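Trainee: I'd like to learn how to read a model of this kind, one feature at a time. Could we look at it together?

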Number of protein chains: 2
Amino acid sequence: MSIQVQAVKQAFHSQVVLDELNLTIEPNTIYGLLGRNGAGKSTLLNIISNRIFADSGTVTMDDESMRDNDRTLGRLYLMSEVNLYSDRARVKQLFKTTAYLYGSFDFAYAEKLAQTFGLDLNTRFGKLSTGYRTIFKLIVALCVPADYIFLDEPVLGLDANHREIFYQELIETYSEHPRTFVISTHLIDEIANIVEHVFVLDQHQIVIDGDVSDILAQSYAVTGPQADVVAYTNGLNVIGQDALGGITAHYVYGGLDDNRPIPDTVKIEHLDLQKLFINLTNTKEEAATHVN
Amino acid sequence: MSIQVQAVKQAFHSQVVLDELNLTIEPNTIYGLLGRNGAGKSTLLNIISNRIFADSGTVTMDDESMRDNDRTLGRLYLMSEVNLYSDRARVKQLFKTTAYLYGSFDFAYAEKLAQTFGLDLNTRFGKLSTGYRTIFKLIVALCVPADYIFLDEPVLGLDANHREIFYQELIETYSEHPRTFVISTHLIDEIANIVEHVFVLDQHQIVIDGDVSDILAQSYAVTGPQADVVAYTNGLNVIGQDALGGITAHYVYGGLDDNRPIPDTVKIEHLDLQKLFINLTNTKEEAATHVN
(Lines give C-alpha, C1' and ligand atoms only; values in the text may rest on other atoms or scores of the structure.)
Protein backbone atom coordinates (compact mmCIF):
# COMPACT_ATOMS: atom_id res chain seq x y z
CA MET A 1 0.00 0.00 0.00
CA SER A 2 2.95 2.35 -0.60
CA ILE A 3 3.15 5.41 -2.85
CA GLN A 4 5.83 5.32 -5.56
CA VAL A 5 7.17 8.45 -7.22
CA GLN A 6 9.18 7.46 -10.29
CA ALA A 7 11.37 9.56 -12.57
CA VAL A 8 9.31 12.69 -11.97
CA LYS A 9 10.49 15.74 -13.90
CA GLN A 10 9.09 19.21 -13.54
CA ALA A 11 10.21 22.54 -14.96
CA PHE A 12 8.59 25.97 -14.74
CA HIS A 13 9.35 28.00 -17.86
CA SER A 14 12.85 26.73 -18.57
CA GLN A 15 13.87 26.29 -14.93
CA VAL A 16 14.21 22.68 -13.80
CA VAL A 17 12.65 22.09 -10.35
CA LEU A 18 12.57 18.29 -10.12
CA ASP A 19 14.76 16.07 -12.27
CA GLU A 20 14.09 12.31 -12.53
CA LEU A 21 13.10 12.24 -8.88
CA ASN A 22 12.30 8.90 -7.21
CA LEU A 23 10.98 8.08 -3.77
CA THR A 24 8.74 5.62 -1.96
CA ILE A 25 6.35 6.55 0.85
CA GLU A 26 5.43 3.59 3.08
CA PRO A 27 2.33 3.16 5.23
CA ASN A 28 2.31 4.10 8.93
CA THR A 29 5.48 6.18 8.98
CA ILE A 30 6.23 9.80 9.92
CA TYR A 31 8.49 11.39 7.31
CA GLY A 32 10.33 14.68 7.23
CA LEU A 33 10.67 16.31 3.80
CA LEU A 34 13.53 18.79 4.08
CA GLY A 35 14.89 21.23 1.54
CA ARG A 36 16.06 24.82 1.10
CA ASN A 37 13.63 27.60 0.24
CA GLY A 38 12.68 27.08 -3.40
CA ALA A 39 14.02 23.51 -3.58
CA GLY A 40 10.70 22.20 -4.88
CA LYS A 41 9.16 20.57 -1.79
CA SER A 42 5.72 22.09 -2.36
CA THR A 43 5.91 21.23 -6.07
CA LEU A 44 6.62 17.60 -5.18
CA LEU A 45 3.73 17.42 -2.70
CA ASN A 46 1.40 19.04 -5.24
CA ILE A 47 2.40 16.52 -7.90
CA ILE A 48 1.79 13.54 -5.58
CA SER A 49 -1.59 15.05 -4.63
CA ASN A 50 -2.64 15.53 -8.27
CA ARG A 51 -2.88 19.31 -7.87
CA ILE A 52 -0.31 19.86 -10.59
CA PHE A 53 0.82 17.45 -13.32
CA ALA A 54 4.46 16.53 -13.70
CA ASP A 55 6.07 17.04 -17.11
CA SER A 56 6.98 13.35 -17.02
CA GLY A 57 7.28 10.43 -14.62
CA THR A 58 4.63 8.59 -12.64
CA VAL A 59 3.04 8.59 -9.20
CA THR A 60 1.40 5.28 -8.26
CA MET A 61 -0.20 3.64 -5.24
CA ASP A 62 0.41 -0.11 -5.46
CA ASP A 63 1.05 0.08 -9.20
CA GLU A 64 -2.16 2.03 -9.80
CA SER A 65 -1.71 5.51 -11.27
CA MET A 66 -2.81 8.30 -8.90
CA ARG A 67 -3.47 10.74 -11.75
CA ASP A 68 -7.12 11.83 -11.63
CA ASN A 69 -7.85 8.65 -9.69
CA ASP A 70 -10.57 9.31 -7.09
CA ARG A 71 -10.02 5.99 -5.36
CA THR A 72 -6.33 6.53 -4.58
CA LEU A 73 -6.59 10.30 -4.10
CA GLY A 74 -9.33 9.86 -1.51
CA ARG A 75 -6.78 8.14 0.70
CA LEU A 76 -4.53 11.18 0.68
CA TYR A 77 -4.79 14.68 2.19
CA LEU A 78 -2.57 17.70 1.51
CA MET A 79 -2.51 20.57 3.98
CA SER A 80 -0.84 23.54 2.32
CA GLU A 81 -0.61 27.33 2.46
CA VAL A 82 -3.31 27.66 -0.17
CA ASN A 83 -6.69 28.56 1.32
CA LEU A 84 -9.47 26.63 -0.37
CA TYR A 85 -12.22 27.86 1.91
CA SER A 86 -14.98 30.43 1.66
CA ASP A 87 -14.48 33.39 4.00
CA ARG A 88 -18.17 33.27 4.92
CA ALA A 89 -18.23 29.64 6.05
CA ARG A 90 -18.02 28.86 9.76
CA VAL A 91 -15.41 26.45 11.08
CA LYS A 92 -17.95 23.78 12.01
CA GLN A 93 -19.57 23.98 8.56
CA LEU A 94 -16.18 23.42 6.98
CA PHE A 95 -15.71 20.29 9.10
CA LYS A 96 -19.02 19.00 7.69
CA THR A 97 -18.00 19.82 4.13
CA THR A 98 -14.78 17.89 4.65
CA ALA A 99 -16.76 14.92 6.04
CA TYR A 100 -18.94 14.99 2.91
CA LEU A 101 -15.95 15.12 0.55
CA TYR A 102 -13.95 12.41 2.35
CA GLY A 103 -16.84 10.14 3.35
CA SER A 104 -16.19 10.64 7.07
CA PHE A 105 -14.50 12.89 9.61
CA ASP A 106 -13.54 12.53 13.27
CA PHE A 107 -15.83 15.23 14.69
CA ALA A 108 -15.17 14.30 18.31
CA TYR A 109 -11.39 14.64 17.89
CA ALA A 110 -11.83 17.88 15.91
CA GLU A 111 -13.84 19.37 18.76
CA LYS A 112 -11.26 18.29 21.31
CA LEU A 113 -8.45 19.79 19.19
CA ALA A 114 -10.39 23.04 18.69
CA GLN A 115 -10.77 23.33 22.46
CA THR A 116 -7.09 22.58 23.07
CA PHE A 117 -5.95 25.19 20.54
CA GLY A 118 -8.60 27.70 21.62
CA LEU A 119 -10.37 27.79 18.23
CA ASP A 120 -14.05 28.82 18.34
CA LEU A 121 -16.08 26.54 16.05
CA ASN A 122 -18.55 29.31 15.27
CA THR A 123 -15.97 31.70 13.81
CA ARG A 124 -16.17 32.38 10.08
CA PHE A 125 -13.03 31.33 8.18
CA GLY A 126 -12.48 34.87 6.91
CA LYS A 127 -12.31 36.18 10.49
CA LEU A 128 -9.51 33.83 11.57
CA SER A 129 -6.02 35.26 12.08
CA THR A 130 -3.16 33.78 10.05
CA GLY A 131 -2.15 31.59 12.97
CA TYR A 132 -5.68 30.27 13.48
CA ARG A 133 -6.10 29.54 9.77
CA THR A 134 -3.08 27.28 10.08
CA ILE A 135 -4.57 25.73 13.23
CA PHE A 136 -7.89 25.13 11.45
CA LYS A 137 -6.11 23.40 8.57
CA LEU A 138 -4.04 21.29 11.00
CA ILE A 139 -7.22 20.12 12.73
CA VAL A 140 -8.77 19.11 9.40
CA ALA A 141 -5.57 17.26 8.46
CA LEU A 142 -5.60 15.28 11.72
CA CYS A 143 -9.31 14.39 11.46
CA VAL A 144 -9.78 13.33 7.82
CA PRO A 145 -9.87 9.56 7.23
CA ALA A 146 -6.79 9.60 4.97
CA ASP A 147 -3.94 7.09 5.09
CA TYR A 148 -1.38 9.57 3.75
CA ILE A 149 -1.33 13.07 5.16
CA PHE A 150 1.01 15.70 3.72
CA LEU A 151 1.70 18.74 5.88
CA ASP A 152 3.39 21.58 3.99
CA GLU A 153 4.83 24.07 6.52
CA PRO A 154 2.32 23.06 9.22
CA VAL A 155 3.60 25.46 11.91
CA LEU A 156 4.39 28.59 9.90
CA GLY A 157 3.51 31.60 12.03
CA LEU A 158 2.43 29.53 15.06
CA ASP A 159 3.74 30.61 18.44
CA ALA A 160 5.78 28.22 20.58
CA ASN A 161 2.77 27.11 22.65
CA HIS A 162 0.70 26.17 19.62
CA ARG A 163 3.64 24.41 18.00
CA GLU A 164 4.13 22.31 21.12
CA ILE A 165 0.44 21.37 21.22
CA PHE A 166 0.62 20.32 17.57
CA TYR A 167 3.68 18.10 18.06
CA GLN A 168 2.12 16.45 21.12
CA GLU A 169 -1.17 15.81 19.35
CA LEU A 170 0.61 14.44 16.28
CA ILE A 171 2.51 11.89 18.35
CA GLU A 172 -0.64 10.94 20.26
CA THR A 173 -2.92 10.49 17.27
CA TYR A 174 -0.18 8.60 15.42
CA SER A 175 0.30 6.13 18.27
CA GLU A 176 -3.44 5.58 18.69
CA HIS A 177 -4.15 5.32 14.99
CA PRO A 178 -1.02 4.83 12.86
CA ARG A 179 -1.00 6.34 9.37
CA THR A 180 1.56 8.19 7.26
CA PHE A 181 2.50 11.82 7.76
CA VAL A 182 4.94 13.68 5.51
CA ILE A 183 6.02 16.94 7.17
CA SER A 184 7.74 19.64 5.15
CA THR A 185 9.21 22.26 7.48
CA HIS A 186 12.12 24.64 8.04
CA LEU A 187 12.03 24.04 11.81
CA ILE A 188 14.15 20.90 11.64
CA ASP A 189 15.25 20.85 15.30
CA GLU A 190 11.63 20.73 16.40
CA ILE A 191 10.69 17.67 14.31
CA ALA A 192 13.98 15.79 14.66
CA ASN A 193 12.61 13.61 17.47
CA ILE A 194 9.24 13.07 15.79
CA VAL A 195 10.10 11.92 12.27
CA GLU A 196 11.36 8.40 11.66
CA HIS A 197 12.56 8.82 8.10
CA VAL A 198 13.92 11.80 6.21
CA PHE A 199 13.97 12.87 2.57
CA VAL A 200 16.33 15.72 1.73
CA LEU A 201 15.52 17.43 -1.56
CA ASP A 202 18.44 19.33 -3.07
CA GLN A 203 19.57 20.17 -6.59
CA HIS A 204 16.30 18.76 -8.03
CA GLN A 205 16.82 15.29 -6.52
CA ILE A 206 16.36 13.36 -3.29
CA VAL A 207 19.94 13.38 -1.96
CA ILE A 208 19.18 11.70 1.40
CA ASP A 209 16.54 9.02 1.89
CA GLY A 210 16.95 7.17 5.17
CA ASP A 211 15.97 6.55 8.76
CA VAL A 212 16.91 9.43 11.06
CA SER A 213 18.92 7.17 13.37
CA ASP A 214 20.92 5.69 10.45
CA ILE A 215 21.58 9.14 9.00
CA LEU A 216 22.74 10.65 12.28
CA ALA A 217 24.89 7.58 13.04
CA GLN A 218 27.09 8.49 10.06
CA SER A 219 27.15 12.28 10.61
CA TYR A 220 30.06 13.75 12.57
CA ALA A 221 31.57 17.01 13.73
CA VAL A 222 35.37 16.77 13.97
CA THR A 223 36.74 19.64 16.06
CA GLY A 224 40.24 20.74 17.03
CA PRO A 225 43.32 22.64 15.80
CA GLN A 226 43.09 23.21 12.06
CA ALA A 227 46.09 21.12 10.99
CA ASP A 228 45.00 18.09 13.05
CA VAL A 229 41.39 18.29 11.84
CA VAL A 230 42.44 18.63 8.19
CA ALA A 231 44.83 15.68 8.50
CA TYR A 232 42.23 13.50 10.21
CA THR A 233 39.39 14.20 7.73
CA ASN A 234 41.58 13.99 4.61
CA GLY A 235 39.79 11.76 2.11
CA LEU A 236 36.55 11.63 4.11
CA ASN A 237 33.32 13.20 2.85
CA VAL A 238 33.64 16.69 4.38
CA ILE A 239 30.33 18.50 3.75
CA GLY A 240 31.11 21.74 5.56
CA GLN A 241 33.37 23.54 7.97
CA ASP A 242 33.43 26.29 10.57
CA ALA A 243 36.22 28.16 12.29
CA LEU A 244 36.05 29.98 15.61
CA GLY A 245 39.19 31.43 17.10
CA GLY A 246 41.90 28.82 16.66
CA ILE A 247 39.43 25.93 16.49
CA THR A 248 38.28 24.32 13.25
CA ALA A 249 35.25 22.08 12.80
CA HIS A 250 34.86 19.77 9.83
CA TYR A 251 31.46 18.16 9.28
CA VAL A 252 31.62 14.64 7.83
CA TYR A 253 28.79 12.61 6.30
CA GLY A 254 29.13 8.93 5.45
CA GLY A 255 31.22 7.54 8.24
CA LEU A 256 34.80 7.80 9.45
CA ASP A 257 37.87 5.65 8.76
CA ASP A 258 38.06 3.19 11.65
CA ASN A 259 41.70 2.39 10.88
CA ARG A 260 42.75 6.01 11.37
CA PRO A 261 43.91 6.88 14.90
CA ILE A 262 42.12 9.90 16.42
CA PRO A 263 44.63 12.53 17.61
CA ASP A 264 44.29 13.56 21.29
CA THR A 265 43.67 17.17 20.20
CA VAL A 266 40.62 16.22 18.10
CA LYS A 267 37.08 15.78 19.42
CA ILE A 268 34.48 13.82 17.47
CA GLU A 269 30.74 14.19 18.10
CA HIS A 270 27.56 13.39 16.19
CA LEU A 271 25.76 16.17 14.34
CA ASP A 272 22.12 16.95 14.97
CA LEU A 273 19.69 16.83 12.04
CA GLN A 274 19.44 20.59 11.49
CA LYS A 275 23.20 21.08 11.45
CA LEU A 276 23.60 18.11 9.08
CA PHE A 277 20.95 19.55 6.78
CA ILE A 278 22.52 23.02 6.75
CA ASN A 279 25.91 21.65 5.78
CA LEU A 280 24.58 19.21 3.19
CA THR A 281 22.55 21.85 1.39
CA ASN A 282 24.80 24.90 1.61
CA THR A 283 25.69 25.97 -1.89
CA LYS A 284 29.36 26.17 -2.79
CA GLU A 285 29.18 30.00 -2.97
CA GLU A 286 27.81 30.28 0.53
CA ALA A 287 30.29 27.76 1.89
CA ALA A 288 33.06 29.84 0.34
CA THR A 289 31.74 33.07 1.84
CA HIS A 290 31.51 31.43 5.25
CA VAL A 291 35.17 30.51 5.31
CA ASN A 292 36.38 34.02 4.48
CA MET B 1 20.47 57.46 25.83
CA SER B 2 17.76 54.92 26.69
CA ILE B 3 14.20 54.67 25.35
CA GLN B 4 11.41 54.85 27.93
CA VAL B 5 7.92 53.53 27.29
CA GLN B 6 5.60 54.78 30.02
CA ALA B 7 1.99 53.87 30.79
CA VAL B 8 1.22 53.11 27.15
CA LYS B 9 -2.36 52.10 26.48
CA GLN B 10 -3.73 50.93 23.18
CA ALA B 11 -7.08 49.47 22.21
CA PHE B 12 -8.44 48.56 18.77
CA HIS B 13 -12.20 49.03 18.67
CA SER B 14 -13.05 48.07 22.24
CA GLN B 15 -10.36 45.38 22.57
CA VAL B 16 -7.50 46.32 24.89
CA VAL B 17 -4.09 45.39 23.43
CA LEU B 18 -1.66 47.20 25.72
CA ASP B 19 -2.62 48.40 29.18
CA GLU B 20 -0.42 50.86 31.10
CA LEU B 21 2.67 49.19 29.69
CA ASN B 22 6.13 50.29 30.88
CA LEU B 23 9.59 49.29 29.73
CA THR B 24 13.06 50.71 29.24
CA ILE B 25 15.33 49.89 26.32
CA GLU B 26 19.00 50.52 27.07
CA PRO B 27 21.83 51.21 24.58
CA ASN B 28 24.05 48.40 23.28
CA THR B 29 21.92 45.45 24.33
CA ILE B 30 20.28 42.58 22.44
CA TYR B 31 16.70 42.10 23.63
CA GLY B 32 14.16 39.41 22.96
CA LEU B 33 10.53 40.53 22.85
CA LEU B 34 8.41 37.42 23.41
CA GLY B 35 4.66 36.99 23.36
CA ARG B 36 1.88 34.76 22.07
CA ASN B 37 0.33 35.32 18.67
CA GLY B 38 -1.82 38.44 18.96
CA ALA B 39 -0.26 39.58 22.26
CA GLY B 40 0.52 43.01 20.82
CA LYS B 41 4.27 42.80 20.10
CA SER B 42 3.97 44.40 16.67
CA THR B 43 1.65 47.06 18.07
CA LEU B 44 4.24 47.93 20.72
CA LEU B 45 7.08 48.16 18.19
CA ASN B 46 4.92 50.30 15.90
CA ILE B 47 4.11 52.67 18.76
CA ILE B 48 7.78 53.08 19.73
CA SER B 49 8.63 53.68 16.06
CA ASN B 50 5.93 56.35 15.66
CA ARG B 51 4.08 54.33 13.02
CA ILE B 52 0.95 54.26 15.15
CA PHE B 53 -0.03 56.55 18.02
CA ALA B 54 -0.88 55.12 21.42
CA ASP B 55 -4.23 56.06 22.97
CA SER B 56 -2.27 57.34 25.96
CA GLY B 57 1.17 57.13 27.55
CA THR B 58 4.54 58.36 26.34
CA VAL B 59 7.61 57.14 24.48
CA THR B 60 10.74 59.17 25.14
CA MET B 61 14.46 59.04 24.40
CA ASP B 62 16.32 60.72 27.25
CA ASP B 63 13.20 62.61 28.33
CA GLU B 64 12.59 63.89 24.80
CA SER B 65 9.29 62.78 23.24
CA MET B 66 9.74 60.53 20.20
CA ARG B 67 6.38 61.47 18.72
CA ASP B 68 6.93 62.96 15.25
CA ASN B 69 10.47 63.79 16.34
CA ASP B 70 12.84 63.41 13.37
CA ARG B 71 15.92 63.66 15.53
CA THR B 72 15.09 60.75 17.84
CA LEU B 73 13.30 58.68 15.18
CA GLY B 74 16.34 58.90 12.89
CA ARG B 75 18.25 56.86 15.47
CA LEU B 76 15.76 54.01 15.27
CA TYR B 77 14.92 51.46 12.57
CA LEU B 78 11.97 49.04 12.45
CA MET B 79 12.12 46.00 10.20
CA SER B 80 8.62 44.55 9.92
CA GLU B 81 6.47 42.40 7.66
CA VAL B 82 5.09 45.47 5.95
CA ASN B 83 6.67 46.08 2.55
CA LEU B 84 7.38 49.75 2.01
CA TYR B 85 9.20 49.32 -1.27
CA SER B 86 8.31 49.80 -4.92
CA ASP B 87 8.18 46.52 -6.85
CA ARG B 88 10.04 48.16 -9.74
CA ALA B 89 13.05 49.32 -7.71
CA ARG B 90 16.22 47.23 -7.78
CA VAL B 91 17.85 46.11 -4.55
CA LYS B 92 20.88 48.35 -4.98
CA GLN B 93 18.66 51.38 -5.66
CA LEU B 94 16.78 50.67 -2.44
CA PHE B 95 20.09 50.64 -0.52
CA LYS B 96 20.79 54.13 -1.95
CA THR B 97 17.32 55.36 -1.00
CA THR B 98 17.89 54.14 2.55
CA ALA B 99 21.26 55.91 2.67
CA TYR B 100 19.55 59.12 1.57
CA LEU B 101 16.80 58.80 4.20
CA TYR B 102 19.13 57.86 7.06
CA GLY B 103 22.10 60.08 6.14
CA SER B 104 24.40 57.11 5.58
CA PHE B 105 24.47 53.36 4.93
CA ASP B 106 27.14 50.67 5.20
CA PHE B 107 27.30 49.74 1.50
CA ALA B 108 30.37 47.54 1.89
CA TYR B 109 28.71 45.43 4.60
CA ALA B 110 25.46 45.29 2.60
CA GLU B 111 27.33 43.90 -0.41
CA LYS B 112 29.09 41.33 1.73
CA LEU B 113 25.78 40.26 3.31
CA ALA B 114 24.07 40.07 -0.09
CA GLN B 115 26.83 37.77 -1.29
CA THR B 116 26.64 35.61 1.83
CA PHE B 117 22.86 35.22 1.53
CA GLY B 118 23.00 34.81 -2.26
CA LEU B 119 20.93 37.94 -2.99
CA ASP B 120 21.49 39.51 -6.43
CA LEU B 121 21.74 43.32 -6.08
CA ASN B 122 20.25 43.85 -9.54
CA THR B 123 16.97 42.06 -8.81
CA ARG B 124 13.82 44.17 -8.67
CA PHE B 125 12.10 44.07 -5.27
CA GLY B 126 8.88 42.74 -6.84
CA LYS B 127 10.75 39.71 -8.23
CA LEU B 128 12.11 38.60 -4.86
CA SER B 129 10.60 35.49 -3.23
CA THR B 130 9.09 35.84 0.25
CA GLY B 131 12.28 34.51 1.82
CA TYR B 132 14.50 36.93 -0.11
CA ARG B 133 12.26 39.90 0.76
CA THR B 134 12.92 39.06 4.40
CA ILE B 135 16.64 38.75 3.65
CA PHE B 136 16.66 42.12 1.87
CA LYS B 137 14.96 43.77 4.85
CA LEU B 138 17.41 42.10 7.25
CA ILE B 139 20.35 43.46 5.27
CA VAL B 140 18.91 46.99 5.38
CA ALA B 141 18.34 46.64 9.15
CA LEU B 142 21.97 45.61 9.74
CA CYS B 143 23.41 48.40 7.56
CA VAL B 144 21.45 51.50 8.58
CA PRO B 145 23.24 53.86 11.00
CA ALA B 146 20.59 53.43 13.71
CA ASP B 147 21.30 52.97 17.43
CA TYR B 148 18.04 51.05 18.05
CA ILE B 149 17.05 48.36 15.60
CA PHE B 150 13.71 46.57 15.99
CA LEU B 151 13.35 43.25 14.18
CA ASP B 152 9.76 42.01 14.02
CA GLU B 153 9.75 38.30 13.05
CA PRO B 154 13.13 38.58 11.28
CA VAL B 155 13.37 34.92 10.20
CA LEU B 156 9.77 34.14 9.23
CA GLY B 157 9.89 31.76 6.25
CA LEU B 158 13.70 31.56 6.17
CA ASP B 159 15.21 28.11 5.81
CA ALA B 160 17.60 26.78 8.45
CA ASN B 161 20.71 27.80 6.48
CA HIS B 162 19.61 31.41 6.10
CA ARG B 163 18.53 31.59 9.75
CA GLU B 164 21.98 30.40 10.83
CA ILE B 165 23.70 32.97 8.63
CA PHE B 166 21.53 35.70 10.12
CA TYR B 167 22.27 34.73 13.73
CA GLN B 168 26.01 34.55 13.01
CA GLU B 169 26.04 37.92 11.27
CA LEU B 170 24.01 39.52 14.06
CA ILE B 171 26.49 38.38 16.70
CA GLU B 172 29.43 39.49 14.56
CA THR B 173 28.12 42.96 13.71
CA TYR B 174 27.04 43.49 17.31
CA SER B 175 30.48 42.66 18.70
CA GLU B 176 32.25 44.86 16.13
CA HIS B 177 29.83 47.74 16.47
CA PRO B 178 27.59 47.52 19.54
CA ARG B 179 24.07 48.92 19.28
CA THR B 180 20.62 47.81 20.46
CA PHE B 181 18.58 45.10 18.77
CA VAL B 182 15.08 44.16 19.87
CA ILE B 183 14.09 40.83 18.32
CA SER B 184 10.46 39.72 18.29
CA THR B 185 10.23 36.06 17.29
CA HIS B 186 8.38 32.79 17.89
CA LEU B 187 11.59 30.76 17.47
CA ILE B 188 12.67 31.21 21.07
CA ASP B 189 15.11 28.29 21.23
CA GLU B 190 17.09 29.78 18.38
CA ILE B 191 17.60 33.20 19.98
CA ALA B 192 17.98 32.01 23.59
CA ASN B 193 21.77 32.14 23.38
CA ILE B 194 21.85 35.44 21.52
CA VAL B 195 19.63 37.74 23.58
CA GLU B 196 20.86 39.18 26.86
CA HIS B 197 17.58 40.51 28.18
CA VAL B 198 14.00 39.39 27.69
CA PHE B 199 10.63 41.13 27.74
CA VAL B 200 7.62 38.83 27.89
CA LEU B 201 4.37 40.51 26.82
CA ASP B 202 1.24 38.77 28.13
CA GLN B 203 -2.23 39.91 29.13
CA HIS B 204 -1.50 43.45 27.83
CA GLN B 205 1.50 43.97 30.13
CA ILE B 206 5.21 43.17 30.38
CA VAL B 207 5.14 40.21 32.79
CA ILE B 208 8.85 39.41 32.62
CA ASP B 209 11.61 42.00 32.24
CA GLY B 210 15.03 40.63 33.08
CA ASP B 211 18.38 39.23 32.04
CA VAL B 212 18.15 35.79 30.49
CA SER B 213 20.61 34.31 32.97
CA ASP B 214 18.68 35.71 35.97
CA ILE B 215 15.37 34.49 34.59
CA LEU B 216 16.60 30.98 33.87
CA ALA B 217 18.31 30.80 37.27
CA GLN B 218 14.88 30.93 38.94
CA SER B 219 13.06 28.61 36.49
CA TYR B 220 12.81 24.93 37.39
CA ALA B 221 11.30 21.66 36.25
CA VAL B 222 10.49 19.42 39.24
CA THR B 223 9.95 15.84 38.05
CA GLY B 224 8.99 12.61 39.82
CA PRO B 225 6.03 10.62 41.19
CA GLN B 226 2.96 12.85 41.37
CA ALA B 227 2.48 12.81 45.16
CA ASP B 228 6.13 13.70 45.84
CA VAL B 229 6.18 16.47 43.24
CA VAL B 230 2.93 17.99 44.50
CA ALA B 231 4.18 17.89 48.10
CA TYR B 232 7.53 19.45 47.18
CA THR B 233 6.11 22.32 45.07
CA ASN B 234 3.22 23.10 47.45
CA GLY B 235 3.18 26.86 47.95
CA LEU B 236 5.75 27.57 45.23
CA ASN B 237 4.84 29.46 42.05
CA VAL B 238 3.86 26.53 39.80
CA ILE B 239 3.31 27.92 36.30
CA GLY B 240 2.52 24.67 34.50
CA GLN B 241 2.60 20.93 34.62
CA ASP B 242 2.92 17.86 32.43
CA ALA B 243 2.28 14.20 33.04
CA LEU B 244 3.74 11.26 31.13
CA GLY B 245 3.06 7.74 32.31
CA GLY B 246 3.45 7.78 36.09
CA ILE B 247 5.77 10.79 36.06
CA THR B 248 4.62 14.33 36.81
CA ALA B 249 6.53 17.52 36.03
CA HIS B 250 5.76 20.81 37.75
CA TYR B 251 7.32 23.96 36.31
CA VAL B 252 8.25 26.57 38.89
CA TYR B 253 9.13 30.22 38.33
CA GLY B 254 10.54 32.44 41.08
CA GLY B 255 12.86 30.17 43.00
CA LEU B 256 12.54 27.18 45.30
CA ASP B 257 12.37 26.93 49.08
CA ASP B 258 15.93 26.24 50.23
CA ASN B 259 14.73 25.00 53.61
CA ARG B 260 12.66 22.24 52.07
CA PRO B 261 14.44 18.89 51.69
CA ILE B 262 14.36 17.44 48.15
CA PRO B 263 12.95 13.87 48.17
CA ASP B 264 15.19 11.23 46.56
CA THR B 265 12.45 10.45 44.05
CA VAL B 266 12.34 14.02 42.75
CA LYS B 267 14.64 15.48 40.09
CA ILE B 268 15.12 19.24 39.73
CA GLU B 269 16.48 20.83 36.55
CA HIS B 270 16.47 24.29 35.03
CA LEU B 271 13.98 25.11 32.27
CA ASP B 272 15.10 26.44 28.92
CA LEU B 273 13.71 29.78 27.74
CA GLN B 274 11.16 28.37 25.28
CA LYS B 275 9.71 25.92 27.81
CA LEU B 276 9.55 28.69 30.43
CA PHE B 277 7.77 30.98 27.99
CA ILE B 278 5.24 28.32 26.98
CA ASN B 279 4.30 27.64 30.60
CA LEU B 280 4.20 31.30 31.60
CA THR B 281 1.90 32.28 28.77
CA ASN B 282 -0.41 29.28 28.50
CA THR B 283 -3.93 30.46 29.15
CA LYS B 284 -5.85 28.78 31.91
CA GLU B 285 -8.21 27.13 29.37
CA GLU B 286 -5.34 25.53 27.52
CA ALA B 287 -3.60 24.45 30.70
CA ALA B 288 -6.85 22.83 31.79
CA THR B 289 -7.26 21.02 28.49
CA HIS B 290 -3.69 19.77 28.73
CA VAL B 291 -4.25 18.11 32.07
CA ASN B 292 -7.31 16.17 30.88
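**Reading the interface, the salt bridges and the fold**

Mentor: Let's start where the chains meet: 32 residues of chain B and 31 residues of chain A take part in the contact, where contact means heavy atoms within 4.5 Å. Keep in mind that this is a predicted model, in which local features need pLDDT of at least 70, side-chain atom pairs count only at pLDDT 80 or more, and totals for chains, interfaces and linings use all residues. Residues are numbered from 1 along each chain as its sequence is written, chains are lettered from A and ligands numbered from 1 in the order in which they are written, and side-chain values use heavy atoms, with hydrogens and water left out.

Trainee: How much area is buried between chain B and chain A?

Mentor: The size of an interface is often given as the accessible area lost when the parts come together. Here the buried area (accessible area, 1.4 Å probe, lost by two parts on being put together and summed over both) is about 2600 Å², with carbon and sulfur atoms giving 46% of it.

Trainee: How many salt bridges does the rule find across the interface of chain B and chain A?

Mentor: Side chains of opposite charge can pair when their charged atoms come close. The rule asks for a side-chain nitrogen of Lys or Arg within 4 Å of a carboxyl oxygen of Asp or Glu, and it finds four salt bridges across this interface. In one of them, Glu164(B) pairs with Lys275(A), with 3.3 Å between the closest N and O atoms.

Trainee: Which helices of chain B each supply at least two residues of the side that touches chain A?

Mentor: They are H4 (107–117), H6 (160–176), H7 (188–191), H10 (273–281) and H11 (284–291); helices (H or I, at least four residues) and strands (E, at least two) are DSSP runs numbered from the N terminus. H6(B) gives the most, with seven residues. By type, the side of chain B that touches chain A has nine nonpolar, 15 polar and eight charged residues.

Trainee: Is Glu169(B) buried or exposed?

Mentor: Buried means under 20% relative accessible area, exposed over 50%, and partly exposed in between (1.4 Å probe, protein chains only). Glu169(B) counts as buried because its relative accessibility is 7%. This residue sits in helix H6 of chain B. Leaving out residues up to four places away in sequence, Glu169(B) touches Tyr109(B), Lys112(B), Leu113(B), Thr116(B) and Leu142(B). With Lys112(B), Glu169(B) forms a salt bridge at 3.2 Å, N to O. That pair links helix H4 to helix H6 of chain B, 57 residues apart. Lys112(B) itself is partly exposed, at 33% relative accessibility.

Trainee: Which residues of H4(B) are buried?

Mentor: Tyr109(B), Ala110(B), Leu113(B), Ala114(B), Thr116(B) and Phe117(B) are. They lie on the same side of H4(B) because they cover an arc of only 160° around the axis, the arc being that of the directions from the helix axis to the C-beta atoms. The face turned away from this buried side carries the exposed residues Ala108(B) and Gln115(B). Just after H4(B), Gly118(B) takes a positive phi of about 75°.

Trainee: How many salt bridges does the structure hold over all chains?

Mentor: The total is 19. Among them, Lys9(A) and Glu20(A) meet at 3.9 Å, N to O. Lys9(A) is in strand E1 (residues 3–12) and Glu20(A) in strand E2 (residues 15–25) of chain A, so the pair ties together parts 11 residues apart in sequence. Another, Glu64(A) with Arg71(A), has its closest N and O atoms 2.6 Å apart. Glu164(A), Asp242(B) and Lys275(B) are linked in a network of salt bridges.

Trainee: How many helices and strands are there in chain A?

Mentor: Chain A has 11 helices and 14 strands. Of its 292 residues, 52% are buried. Among contacts in chain A between residues at least 6 apart in sequence, 68% join residues at least 24 apart.

How values were computed. Nonpolar A, V, L, I, M, F, W, Y, C, P; charged D, E, K, R; others polar.
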